[in-house]
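In these notebook entries I record what I looked up in one structure. I began with the charged side chains and then turned to the backbone.

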Amino acid sequence: PGGGGRSLSFQWGVLLGPSNRNTLAAALAALPTTLEKLSLASGSLVAGESYTFSLLLRDTFGQEGVTTHTVIAETAALPIVSIVGVATGEVSRSRALSLNGDVSLSSCGSSSSSTFFWESVGGPLFPISSKTITSSNINIPANTLVSGNTYTVRLTATTGAIASYADMTLVVRSSDLVASIQGGDRTVTSSRDLVLDASDSVDPDNEPGSPFYTWSCLPSPCFPLANDILLESGPILTVPSSQLTAGTTLAFTVSVAKDPGPRRATTTVRITTTSEALADVRLAVQGGAKAKYNSGSRLVLSGAVSNPSGSCVPTYRWSAVGDLLPLSNSSIRTTP
């Protein structure tokens with residue numbers, strides 16, 4: 001099983017080149033299509049020759065993917081090198097990357113300690129620190145790799161006089177933008193200018209360049225000069241009080257776009273207007289908004305109140321919409 005729970009078939013093959021290619025290809029073609037891992041008996045390969053194995057992967061919808069891997073048959077007992085740390089070959093630019101090398105010796109191999117050497121092979125240069133180039137593991141800080149690039153890193157292990165290596169190909173994917181409008185859904189006084197601020201929107205990849213903002217509003221037209229005011233391409237949209245009518249509910253949407261891609265994210269807030277003099281209440285996430293939050297991590301929300309009417313001192317009461325987040329500690333319900 002695989003491919004998001006869908007059944008996958010595996011078809012193994014070997015490309016033209018080695019002297020016993022036809023015999024080996026026939027043996028591979030006879031293997032069951034459920035075989036995810038290929039193991040060859042001793043003597044299947046001719047010493048000194050190079051073999052490029054292929055794997056055709058097909059899902060139940062007929063979608064296919066092909067990958068190849070080249071090995072050289074040696075007469076000496078070689079250390080078996082592997083690189084672990086990435087399960088799928090896809091990595092995110094916004095996350096730190098740790099690759100760990102491992103070497104195991106055949107039953108007839110030497111028990112000498114192995115030395116390691118990391119290098120970049122093919123494609124863009126993989127950023128390996130000179131401090132860790134000869135260690136068994138390397139760590140790449142977040143926002144170091146370039147989104148969209150495909151890197152191939154090689155780990156060579158030498159045991160005694162015998163060396164062997166393993167390659168790993170890494171595809172760097174972009175992280176989704178997180179669009180955010182400060183304050184969220186709320187009720188505001190129609191006699192004050194309405195300010196919508198999307199500057200808390202986040203690019204987890206921290207790519208260079210500035211995001212581009214597009215504002216819209218429903219029901220259209222939301223106010224008399226909507227077509228002009230909504231042309232604002234920055235993170236802050238200001239709607240003058242003269243454009244607001246008490247007793248209406250408007251849905252404002254901001255679309256945030258940024259290269260590479262460009263990537264896009266949207267969010268919507270619903271603003272209800274009233275003629276009453278209300279304080280402006282806003283809710284923010286300490287440390288900035290994120291697309292996801294870990295269930296075991298601490299989440300800090302802060303409330304802010306401005307424009308209180310007269311000399312009133314605000315009081316606070318927190319609640320969770322739909323009781324999806326039970327606020328069992330009564331002491332935190334009345335703090336900002």
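I looked up Asp203 first: its relative accessibility is 16%, and this residue therefore counts as buried, the cut-off being under 20%. The model I am reading is a predicted one.

I then asked which residue meets the side chain of Asp203 in a salt bridge. The partner is Lys258, with 3.0 Å from N to O. The pair links distant parts of the chain, since Lys258 lies in strand S15 and Asp203 in the loop between S12 and S13, 55 residues apart. Lys258 has a relative accessibility of 8%, so I noted this residue as buried. I also noted a network of salt bridges that links Asp203, Asp205, Lys258 and Arg263.

As background, I wrote down that side chains of opposite charge can pair when their charged atoms come close.

Next I recorded the total: the structure holds seven salt bridges. One of them joins Arg173 and Glu90, whose closest N and O atoms are 3.9 Å apart. Arg173 belongs to strand S10 (residues 162-173) and Glu90 to strand S5 (residues 90-92), so this pair ties together parts that are 83 residues apart in sequence. I found Arg173 partly exposed at 41% relative accessibility, and Glu90 is partly exposed with a relative accessible area of 48%.

I turned to the salt bridge between the side chains of Arg93 and Glu207, at 3.4 Å from N to O. Arg93 sits in the loop between S5 and strand S6 (97-104), and Glu207 in the loop between S12 and S13, so the pair ties together parts 114 residues apart in sequence. Are these two residues buried or exposed? Arg93 counts as buried at 9% relative accessibility, and Glu207 is buried with a relative accessible area of 11%.

I then examined the backbone. Asn206 is not a glycine, yet has a positive phi of about 50 degrees. I located Asn206 in the loop between strand S12 (194-197) and S13; at 53% relative accessibility, Asn206 counts as exposed. Asn143, also not a glycine, has a positive phi of about 60 degrees. Asn143 lies in the loop between strand S8 (137-140) and strand S9 (150-159), and is partly exposed at 26% relative accessibility.

Last, I looked up cis peptide bonds. The bond from Leu218 to Pro219 is cis, with omega near -5 degrees, and Pro219 is in the loop between strand S13 (212-218) and helix H2 (226-229). The bond from Asp259 to Pro260 is cis, with omega near 0 degrees; I found Pro260 in the loop between strand S15 (249-258) and strand S16 (263-274).

Conventions. Residues numbered from 1 in each chain as written. Predicted model: local features only at pLDDT ≥ 70, side-chain atom pairs only at ≥ 80, totals over all residues. Heavy atoms only, no water. Helix = DSSP H or I, 4+ residues; strand = E, 2+ residues; numbered from the N terminus. Buried < 20%, exposed > 50% of the residue type's maximum accessible area, 1.4 Å probe, protein only. Salt bridge = Lys/Arg side-chain N within 4 Å of Asp/Glu carboxyl O.
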